[in-house]
Amino acid sequence: MQRNVRAHVTLLMKVFAMSNSTRMSVAVCKHVSRIRGTPPKRNFTHTHHSSCTLTEPLTKTCQLDGVRKIIMTNQKTRNALSLQMMEDLISNITLNQDDPALRCIVLYGEGKVFSAGHNLKELTTNEGTEYHNQVFSTCTRLMLGIMQCPVPVVAVVEGLAAAAGCQLVATCDIAICTENSSFSTPGANFGIFCSTPGIAVCRAVPRKVAAQMLFTGLPLTAHEALQAGLISKIVTRENLDEEVQKVVDAICHKSRSVMELGKKFLYEQLEMDIITAYRDGQEIMVNNLSMVDCQEGIRSFIEKRQPVWTHGFEKCH
Amino acid sequence: MQRNVRAHVTLLMKVFAMSNSTRMSVAVCKHVSRIRGTPPKRNFTHTHHSSCTLTEPLTKTCQLDGVRKIIMTNQKTRNALSLQMMEDLISNITLNQDDPALRCIVLYGEGKVFSAGHNLKELTTNEGTEYHNQVFSTCTRLMLGIMQCPVPVVAVVEGLAAAAGCQLVATCDIAICTENSSFSTPGANFGIFCSTPGIAVCRAVPRKVAAQMLFTGLPLTAHEALQAGLISKIVTRENLDEEVQKVVDAICHKSRSVMELGKKFLYEQLEMDIITAYRDGQEIMVNNLSMVDCQEGIRSFIEKRQPVWTHGFEKCH
Amino acid sequence: MQRNVRAHVTLLMKVFAMSNSTRMSVAVCKHVSRIRGTPPKRNFTHTHHSSCTLTEPLTKTCQLDGVRKIIMTNQKTRNALSLQMMEDLISNITLNQDDPALRCIVLYGEGKVFSAGHNLKELTTNEGTEYHNQVFSTCTRLMLGIMQCPVPVVAVVEGLAAAAGCQLVATCDIAICTENSSFSTPGANFGIFCSTPGIAVCRAVPRKVAAQMLFTGLPLTAHEALQAGLISKIVTRENLDEEVQKVVDAICHKSRSVMELGKKFLYEQLEMDIITAYRDGQEIMVNNLSMVDCQEGIRSFIEKRQPVWTHGFEKCH
């Protein structure tokens, strides 16, 4: 623990490699402060959107050493994916996402609930069909936005992820959770079958696991979620930051452009028959080999040294 | 145990909410009687089909509190999925399935074998190609009938599920089994590769698990089946009824029409690319929100009370 | 152990049922000799290809009792899937593969690494785009060749399977590994995202497992690989031969033609929607029933005796 504290202080002393942005303020990321035994302080400079200057910000964001942390901070709604929350997440994910300085996004939920899903109050007939259409098309934009994001998006779950909150976890490229976490799609309890969460969940876990979640609304424990493939790794709360850092380091150690090319094709080939996938995959591999960063990677391996990436798509001549 | 007995007696004392049917007789469901330490009594009034009045009935069926139990009772053939057995199952599943009183179907196999699959005696050349065509088209009708059934179908397995019997388990929406259960697709041992069982099994478990089952014919234990996703839950024989009841209660607690809408889209979207799935899914969600039962569900949540469902598809004005 | 030694000696004393081949020499398969506590002797007669008579052979192959063992023996490159290694594997897999005497192929990697994947030295710009195209089209031919092989292909992994080596494991019909094995797709560390390995891995394991492997490059342990479905079974090194033999025996006990028909349809139906799969599957089943070997299998079951297969596709009259 003592070592963690020192590492943390060192981290804070580094110069922030913030992406240059008019919309994202410089923020001191205190998310990990609980490792010092104190509750997180609320001295963040929050993200402000021109469209919501009168409302309380729902997320806080900071970027350090290529890693953008996006934290849902609306504990009073259990981080409900209200229209505004989804727009905030989309903004925070897409903002300057083509900046080479950005290498990985990590998504947190503050408090005991990662996210409880859509805000039921937005789903009453009072809001009207047009509003409902907007809610679900925004939700789709968020989910596809994560898949189309050029850098890996990692969900870190400490607590409950329910309904569209579970969809969010299922959609992220990688998901790490603490042992006390749980995952459910209980919408039918309230008359809304989790049809869109089911799209992401069914593509992440065996269909009987998905069906049981959707038809009963009963939660998976963290261990059941790991077994089903919904979660990449379970860690103790104590080891959480360390394990997240390992994953983030492994990602940041690589060339951004190579990862971008790989992520794009990964989700494309999942939808292809295997013959088409291999036909397109061969081409992707040969293109990958022609990149400067690839040839640098191979040389560094042969020469037994660390690679020096450009993080760009330049080709060798 | 004492508590279980009392609960069971209470259950039997309730008035049966039988669906009105000319083909399904009122039946006292004694399946759970073994919890009292006595063997099941054979005093069922069996299902009779006009087409098979001269043959022994192969299933028994009862419906109570929205739950239809269908029990395969042909122990001497190890609940073989003979043409007649499959027709019986189809009849019992489809009978009055649009009756709002029906909310869940639970499928059991009496004896040590849930089902041993097709009846090999029906598959000899003596029967002829036309008969074989009929066997397999009926099998397809049974499997698709389970997926298209408007209410969830739960398999409860106590023992072996083999070949088409394993296909049946893989096809049900939810499957619960006891620890001593096992699952196999051993057809190739007898010269019939389990090609159609493989269709359901491959869609339920990782492909290497399916391939090992199909190529070796060796069984999965209950724990291997759970790990692979073929089974939703393993329970001890002692806790079986209680656990089945939990799942059934979770299903019956919800609006039938919401579940029907959700189940239909679940199996549709599994076959779609993700973009199409989300496009259609948004529409499904917005339609779901316009249902009376959905708005009642949301109100009940906000008002912290139990919802009162219509179980219908009426829309809000 | 004593029993194993005796079984092994008996095995060696049997007459080899070698396929008649001008390219594959008679070879004494000593792979299992380590069970006697001695290192494998290098007295194999290696496979020689007319196209590579000047290079050291990269594999050794033997066939006994219907089982063809193909062993990658290029430890100094950690069994790299060089162009030549892939061509060797393709030759060894396709050679006389329609010979009824061949019933199963088992693929080993000699040494601590099953296979480390493509040979990075072949992927530099020195080799040129045309060569790279050849490498990846050959890799596709190898992978599809395993899926299209008329007999099951079993991978036996003792150690690391990385990148295209992991793809090879993911592609084999069945995979058995020892407890110390590990599996990774670390290409992005060297600037080459494992896009084509990802095609096989994504179809074998849940997508979050695949994504974590591809984006971090971190390995799965044997137990994680089993949990994810990448591996069919984990065994101790001591029990490896016995367990492989069980799987091989289960395969060889069946009719070759029935297995061929089943394997072909298995990979076809995986790409179909479920309605089409069942429509085609019914036809496959009825055709299967018309085969002499199928009717023999059914009769042998009814008559409680061992079946006598023709291993051919002859139909009943």
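A salt bridge here is a side-chain nitrogen of Lys or Arg within 4 Å of a carboxyl oxygen of Asp or Glu. By that rule, the interface of chain C and chain A in this predicted model has 0 salt bridges.

**View 1. Chain C up against chain A.** Here's the whole contact: chain A brings 56 residues to it and chain C brings 42. Together the two chains bury about 4300 Å², and carbon and sulfur atoms give 69% of that. On the chain C side, look for Arg207(C), Lys208(C) and Phe215(C), which supply 21% of the area that chain C buries against chain A, more than any other three residues.

**View 2. Polar contacts and helices at the same interface.** Four helices of chain C each put at least two residues on the side touching chain A: helix 3 (128-148), helix 4 (164-171), helix 5 (195-202) and helix 6 (207-216). Helix 3 of chain C gives the most, with 9 residues. Sorted by class, that side of chain C has 19 nonpolar, 18 polar and 5 charged residues.

**View 3. Helix 5 of chain B crossing helix 9 of chain C.** The axes of helix 5 (residues 195-202) of chain B and helix 9 (residues 256-269) of chain C come within 10 Å, crossing at roughly 35°. It's a right-handed crossing. From chain B, Ser195(B), Gly198(B), Ile199(B) and Cys202(B) meet Leu261(C), Gly262(C), Phe265(C), Leu266(C) and Gln269(C) of chain C.

Note on methods:
Residues numbered from 1 in each chain as written. Chains lettered and ligands numbered in written order. Predicted model: local features only at pLDDT ≥ 70, side-chain atom pairs only at ≥ 80, totals over all residues. Heavy atoms only, no water. Contact = heavy atoms within 4.5 Å. Buried area = accessible area lost by both parts, 1.4 Å probe. Nonpolar A, V, L, I, M, F, W, Y, C, P; charged D, E, K, R; others polar. Axes fitted to C-alpha atoms, helices over the stretch in contact; angles between N-to-C directions. Left-handed = near helix turned anticlockwise from the far one by under 90°.
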